[in-house]
Amino acid sequence: MRLPLVLGVTFAYVYWKFCFYQPRTTTTSRKSGKSRGLGRPVSDDEDEDDNHSFDVAQKQSDEEEDVVDLTNAVHTSTTLSSDNSSAPIVTTATTARKVRPTKVFRRRSKDANTQPLPTMSDIYIFYSTLTGTSEKYASHLHAALSGHSELSARRIHAQNLDYIDDLDTYFVTPARFLENAVYLFVLPSYASESPLDFFVETLKDTYNDFRIDSRPLRKLGGYAVFGLGDREGWDEDMYCYQAMAVDKYLGKLGAPRVFPVGTGNVSGRANDEFEEWIKHLSDVLADPTGVGEIIDVADSDDEGVDAEDDAEDEAFDDTQPKSLRLSKTASAKDVIDVEDMGAVIERSRKSNDSTTKKEMVGKDTPTYNALTKQGYTIVGSHSGVKICRWTKSALRGRGSCYKFAFYGIKSHLCMETTPSLSCSNKCVFCWRHGTNPVGTTWRWQVDPPELILKGALEGHYRKIKQMRGVPGVQAARFAEAFTVRHCALSLVGEPIFYPHINEFVRMLHERSISSFLVCNAQHPDQLKALDQVTQLYVSIDASDKESLRRIDRPLHRDFWERFNQCLDILRSKTRQRTVFRLTLVKGFNASDVLGYAKLVAQALPCFIEIKGVTYCGTASTASEPNGAFKGVKKDSLTMANVPFYDEVRGFVLQLDASLKDLGLNYEVAAEHAHSCCILIAQTRFKIDGEWYTHIDYDRFFELLREGREFGPMDYIAKTPPWAIFGSDQAGFNPEDERVVNKKSKAYKSEQLAI
Ligand SMILES: Cc1cc2nc3c(=O)[nH]c(=O)nc-3n(C[C@H](O)[C@H](O)[C@H](O)COP(=O)(O)O)c2cc1C
Ligand code: SF4
């Protein structure tokens with residue numbers, strides 16, 4: 001009985017082994033069980049598990065396929081083969097950098113089981129520029145791809161990265177319409193601060209943010225980067241370093257690299273290098289058999305090098321060239337420790353010191369030149385001062401700005417300055433857009449407050465001196481103007497962003513200079529930590545989340561939460577004189593009156609200033625290099641967006657009614673029709689039927705010196721009759737001479753309606 005049983009079992013085993021057993025040489029997917037050795041793409045699920053889309057390439061298949069070795073692609077310049085065959089394209093390492101994991105670009109053979117790039121997917125050309133070169137190159141790329149017979153059916157878009165309102169849509173949580181899209185980049189390199197820095201930071205933050213999908217770009221059709229730089233002007237490690245960083249982080253975010261990073265030396269063969277890159281790139285994009293992906297050759301070293309790379313990312317800011325990198329530990333110390341400030345300045349002077357960060361606005365950089373051309377005096381590396389038109393007007397006895405009517409600030413005694421030219425918004429009405437530094441965190445060198453105040457005063461007085469010969473300047477006012485009494489921390493940028501803003505304000509007060517500080521409601525921590533200022537403003541540019549996104553174009557993802565936190569903090573600052581500043585932009589934010597009233601109910605500011613936006617021309621509009629290239633322009637404003645004074649007044653009356661409907665104690669108090677500006681105030685500032693919106697500045701400094709707690713009602717002064725809302729003068733001081741420019745007379749009389 002036993003023998004047949006043994007024979008039966010033996011037979012069954014042999015039969016099973018013969019029919020079903022597969023030798024271990026083929027890798028089998030854990031989840032799907034599909035063979036992964038011959039380049040079949042795995043599902044997204046599987047992708048998540050493995051972090052690489054494809055498994056190890058088999059040695060023999062290398063012979064069947066065209067392989068481009070991208071060893072060191074991230075750190076090398078690429079020499080593209082000049083013939084148009086399918087022969088391997090060779091990259092040449094130009095620097096002796098550590099050996100990177102071998103990334104292989106694989107063009108699949110026709111009979112392989114491939115997942116081709118859908119031939120109709122859109123192509124997006126992204127560029128960034130300060131002086132126009134990259135824009136021209138991007139335009140040329142656009143023209144070349146559009147003219148390619150096999151690509152002409154594809155929609156090709158061109159976008160200036162600096163003007164994209166919502167980078168998240170493209171790079172963090174790509175919208176569905178971007179699935180299979182191809183991203184091409186033409187990027188300059190700037191050792192100094194440039195708008196591109198923020199883009200590189202965004203990619204890096206996304207990669208490091210554990211809350212976000214770690215490979216959000218895996219559904220893209222592909223990407224390729226071309227960097228422009230100056231090999232003669234910059235060290236090897238800085239040559240095209242931002243293009244290299246973008247190439248690296250896009251890969252880390254899961255996007256398939258369809259072509260090696262290319263570089264063009266603007267003092268050498270940039271044109272030829274770009275032509276060659278385009279030629280081969282367009283062949284790859286047009287290849288009907290599909291397109292390859294990055295394949296990580298899984299030799300055991302890879303993990304080690306990746307880990308090393310990540311460790312390096314952890315410890316250093318690798319979006320900076322090596323010579324400008326600063327270890328994170330050192331960075332925090334340098335920013336916070338005031339005692340060490342002297343050493344920080346000393347270090348910041350040495351431009352190539354290995355422990356310094358970038359200057360926000362370095363001398364002779366394009367940003368510096370653009371700002372100085374517009375009349376700014378750059379102080380240190382991140383502050384600015386500019387004499388405003390009302391200061392000039394007041395020197396000539398021709399009227400002060402609305403702050404004189406509302407609060408008693410004489411414009412010829414006022415200095416307009418900012419300790420941070422950088423901002424975390426890109427407001428549609430900000431003419432600086434395109435050249436201004438932006439960022440969500442302070443990542444630049446820090447100048448000490450003494451240096452900023454001294455430089456700002458010197459710059460301001462230099463500009464006042466230049467008014468000496470201007471006809472009509474009054475001698476008494478000219479002399480007075482050399483003792484600044486007020487400082488408007490509002491010029492451009494975000495003053496509260498400056499890490500030593502409290503020290504700076506304290507120094508102003510010690511010199512009996514009042515402080516009006518305007519912030520953008522995006523920095524709750526700094527707002528909370530802010531010491532008492534003479535008057536604290538929060539800009540309220542919209543009444544709801546979507547409008548705020550559209551008009552302020554905030555860089556913070558949680559901008560609405562930050563905005564609301566700031567309003568709550570403002571409400572809690574009961575000892576502080578607080579103001580909402582509403583800038584009305586027709587077509588953007590001038591309709592939802594009730595929405596604004598609710599925000600007032602949330603923060604209960606002492607005052608609400610409502611001002612029509614000022615038209616700043618079209619300086620912020622991107623140029624269009626040629627007809628074929630339709631670079632996306634920023635939403636620039638036109639005169640149609642500037643409300644007439646009557647429209648502002650209409651809005652204010654409606655807001656006043658809404659506030660009353662909500663049971664809030666506010667009333668329209670003062671106006672300055674000349675600036676298209678009206679003031680609503682809490683009724684506690686109306687005592688015995690008379691308004692007290694002005695400030696007793698001497699009393700304010702006295703209270704500060706006494707060191708006891710005080711509040712907004714402790715330093716009020718009476719509002720003059722000519723400033724009261726509805727008065728004949730509509731806020732114009734009768735002692736000043738009213739001059740209406742002949743050219744603008746027709747427009748103004750229509751606009752001011754006074
Ligand atoms: C202030 C400044 C800094 C620069 N820094 C670098 C650099 O770090 N590395 C580099 O390769 N090229 C550097 N360049 C060269 C520019 O990247 C190059 O001129 C580029 O074409 C500028 O592009 P754009 O005109 O589109 O702004 C710098 C140029 C300037 C004016
Ligand atoms: S408050 Fe502002 S606008 Fe008025 S004078 Fe001073 S700087 Fe100019």
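Reader: Which elements do the buried residues of H6 pack against?
Author: In this predicted model, the buried residues of H6 pack against helix H5 (167-171), strand S5 (182-187) and helix H7 (241-252).

Reader: And how many of the residues of H6 are buried?
Author: Of its 13 residues, 11 are buried, so H6 is largely enclosed by the rest of the structure. Among them are Leu196, Phe198, Phe199, Val200 and Leu203. The buried set also includes the residues Asp197, Glu201 and Lys204.

Reader: What span should H6 have, and how far apart are its end C-alpha atoms?
Author: Helix H6 (residues 196-208) should span 18 Å at 1.5 Å a residue, and its end C-alpha atoms are 19 Å apart, which agrees.

Reader: S5 was mentioned. Which sheet contains S5, and in what order do the strands come?
Author: S5 belongs to an open sheet of 5 strands with parallel pairing, in the order S4-S3-S5-S6-S7. At the edges are strand S4 (156-160) and strand S7 (262-265), each of which pairs on one side only. Ignoring direction, neighbouring strands of this sheet are turned by 15° against each other on average.

Reader: How many bridges join S3 to S4?
Author: Strand S3 (residues 123-127) is joined to S4 by 5 bridges, and the two run parallel. Within this pair, Phe126 has Gln159 in S4 as its bridge partner.

Reader: Which strands does helix H8 lie across?
Author: Helix H8 (residues 270-286) lies across S5, strand S6 (222-229) and S7. Its direction is at about 160° to that of S7.

Reader: Let us change topic. What is the order of the sheet with 10 strands?
Author: That open sheet has the order S9-S10-S11-S12-S13-S14-S15-S16-S18-S17, and its pairing is mixed. Strand S9 (377-379) and S17 stand at the edges with a single partner strand each, so one side of each is left without a neighbour in the sheet. From one strand to the next, the twist averages 25°.

Reader: Which helix packs on it, and which strands does that helix touch?
Author: H22 packs on this sheet, where it touches strand S15 (578-584), S16, S17 and S18. The direction of H22 makes about 15° with that of S18.

Reader: Which residues of H22 are buried?
Author: The buried residues of H22 are Tyr645, Val648, Arg649, Phe651, Val652, Leu655, Asp656 and Leu659. Seen down the helix axis, the buried residues of H22 fall within an arc of 160°, so they line one face of the helix.

Reader: Why would residues three or four places apart point the same way?
Author: An α-helix has 3.6 residues a turn, so residues with that spacing point the same way.

Reader: How many residues does H22 have, and what follows the helix?
Author: Helix H22 (residues 645-661) has 17 residues and reaches 24 Å from its first C-alpha to its last, close to the 24 Å expected. H22 is followed by Gly663, whose phi is positive, near 80°.

Reader: Back to S18: how many of its residues are buried?
Author: In strand S18 (residues 677-682), 6 of its 6 residues are buried. Strand S16 (residues 607-612) runs antiparallel to S18 and is joined to it by 5 bridges. Ile610 stands opposite Ile678 in S18.

Reader: In what sense do S17 and S18 pair?
Author: Strand S17 (residues 666-672) and S18 pair in the antiparallel sense, over 6 bridges. In this pairing, Glu667 has Ala681 of S18 as its bridge partner. S17 and S18 form a hairpin with 4 residues between them, and Cys676 in the turn has a positive phi of about 60°.

Reader: Finally, what is the mean pLDDT of the chain?
Author: The mean pLDDT is 76, and 69% of the residues reach 70 or more. Over residues 14-119 the pLDDT is below 50, and beyond near neighbours in sequence this stretch has 156 contacts in the model. The pLDDT is also below 50 over residues 742-754, a stretch with 12 contacts in the model beyond near neighbours in sequence.

Conventions:
Residues numbered from 1 in each chain as written. Chains lettered and ligands numbered in written order. Predicted model: local features only at pLDDT ≥ 70, side-chain atom pairs only at ≥ 80, totals over all residues. Buried ≥ 20, exposed ≤ 12 C-beta atoms within 10 Å, placed from the backbone. Pairing = 2+ DSSP bridges. Expected span 1.5 Å × (residues − 1). Arc of directions from axis to C-beta. Contact = placed C-beta atoms within 7 Å. Axes fitted to C-alpha atoms, helices over the stretch in contact; angles between N-to-C directions. pLDDT = per-residue confidence, 0-100.
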